[in-house]
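Visitor: I would like to learn how to read a few local features of a model. Please take them one at a time.

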Amino acid sequence: MEQRMIRLVAAHHPKEDFLLKYCDHYYCDRLSIAVLKKSPAVEMVTYNHAHDEYEFLIPLTPVPVLMIDDALYFGEVGYVYPIQSAHEHGVKFKASDISYDHIVIDQAYMDAMIRKKGYEGKEFSGKFEESNELKSYIQLFKNECAKGKTCDHEKMDYLAALITMTLVDNGLSPTASSRKESHKYQKGIASVAAYINQHYKDDMDVDLLAKMCGLTKNYFISAFRKAMGETPYSYLCKLRISKAKVLLETTEDSIQSVAMRCGFKKSNTFTTLFKSVTGQTPSEYRKASKNS
């Protein structure tokens, strides 16, 4: 296997047997797609890493917490979550019966496509909608690769180019940039949820969040619950507790430091909420995670 293909495969997951055990795999020498098999018997293996290749995760079912740099996301079906070259990222917390398309693209090939499309200097960030065009190209790529020895390699290279171009256009175009800004500052419940994803460590004023949507406070809370399945406060708490779990498992920071890094001003407030959600105090959770 040539070096470029080795790098593409390794970028999917740090464990070498991940693709073989848990995924259907479709690839050419520029682009690799791993599809996590959806089954109650297949438990998602958690990871956190960085690599030079570009990466795009497309949930086929809701995916638990995604970590991209210092932002947390709950993977939503119908969206593409891009990871820029060399940025730290991963999936945290074990889960089963989930699935996603995981696309990895050679760095030099993607960089050349970005220049060709006129987006040099721009970076992928946040998330963007998965277009029907992209879905079609991905499915055609899978279908051709599934033919095995009889597949048309020239056709696969052409489809890889179409997938890459579409990801670039959808993720880096001026309209995509506007959409990213709207995730942070403009109207819409999804925009507010994305804003919370990025700023969960900061003080959150529900009145300000409501103004982002142009809604009254009470109507905003009701609309948010209808769209997201929980109140803004509950959603914020879920993000903060998720981040706290990561810090408790991966650092030796004090409980007070973990609380502060997750947006809690008082460690006792953090401890009370953490125990109500997990059934354990932060110290108990840390000890259990070290022993597991």
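Visitor: Where is T251 found?

Guide: This is a predicted model. In it, T251 lies in the loop between α10 (232–250) and α11 (255–261).

Visitor: Is T251 buried or exposed?

Guide: Residues under 20% relative accessible area are called buried. T251 has 18% relative accessibility, so it counts as buried.

Visitor: What does T251 contact?

Guide: Its side chain reaches the backbone oxygen of L247 at 2.7 Å. With neighbours within four places in sequence left aside, T251 is in contact with R261, R286 and K290.

Visitor: How do I read the packing of two helices?

Guide: Two packed helices are described by the angle between their axes and the distance between the axes. Here, α3 (residues 107–116) packs on α5 (residues 153–172) at an angle of about 60°, and their axes are 10 Å apart. That angle makes α3 oblique to α5. The crossing of α3 past α5 is right-handed.

Visitor: Which residues of α3 and α5 meet?

Guide: From α3 come Y109, M110, M113 and I114. They meet D157, A160, A161, T164, M165, V168 and L172 of α5. By class, this contact of α3 with α5 has nine nonpolar residues, one polar and one charged.

Visitor: What should I know about phi?

Guide: Most residues other than glycine have a negative phi. A86 is not a glycine, yet its phi is positive, about 75°. A86 sits in the loop between β7 (79–83) and β8 (89–91). At 48% relative accessibility, A86 counts as partly exposed.

Conventions
Residues are numbered from 1 along each chain as its sequence is written. This is a predicted model: local features need pLDDT of at least 70, side-chain atom pairs count only at pLDDT 80 or more; totals for chains, interfaces and linings use all residues. Side-chain values use heavy atoms; hydrogens and water are left out. Axes are lines fitted to C-alpha atoms, for helices over the stretch in contact, and angles run from 0 to 180 degrees between N-to-C directions. Helices (H or I, at least four residues) and strands (E, at least two) are DSSP runs, numbered from the N terminus. Angles under 35 degrees count as roughly parallel, over 145 as roughly antiparallel, 65 to 115 as roughly perpendicular and the rest as oblique. A crossing is left-handed if the near helix is turned anticlockwise from the far one by less than a right angle, and right-handed if clockwise. Contact means heavy atoms within 4.5 Å. Ala, Val, Leu, Ile, Met, Phe, Trp, Tyr, Cys and Pro count as nonpolar, Asp, Glu, Lys and Arg as charged, and the others, Gly among them, as polar. Buried means under 20% relative accessible area, exposed over 50%, partly exposed in between (1.4 Å probe, protein chains only). A polar contact is a pair of N or O atoms within 3.5 Å; within protein, one must be able to donate a hydrogen and the other to accept it, and residues adjacent in sequence count only if both atoms are side-chain atoms.
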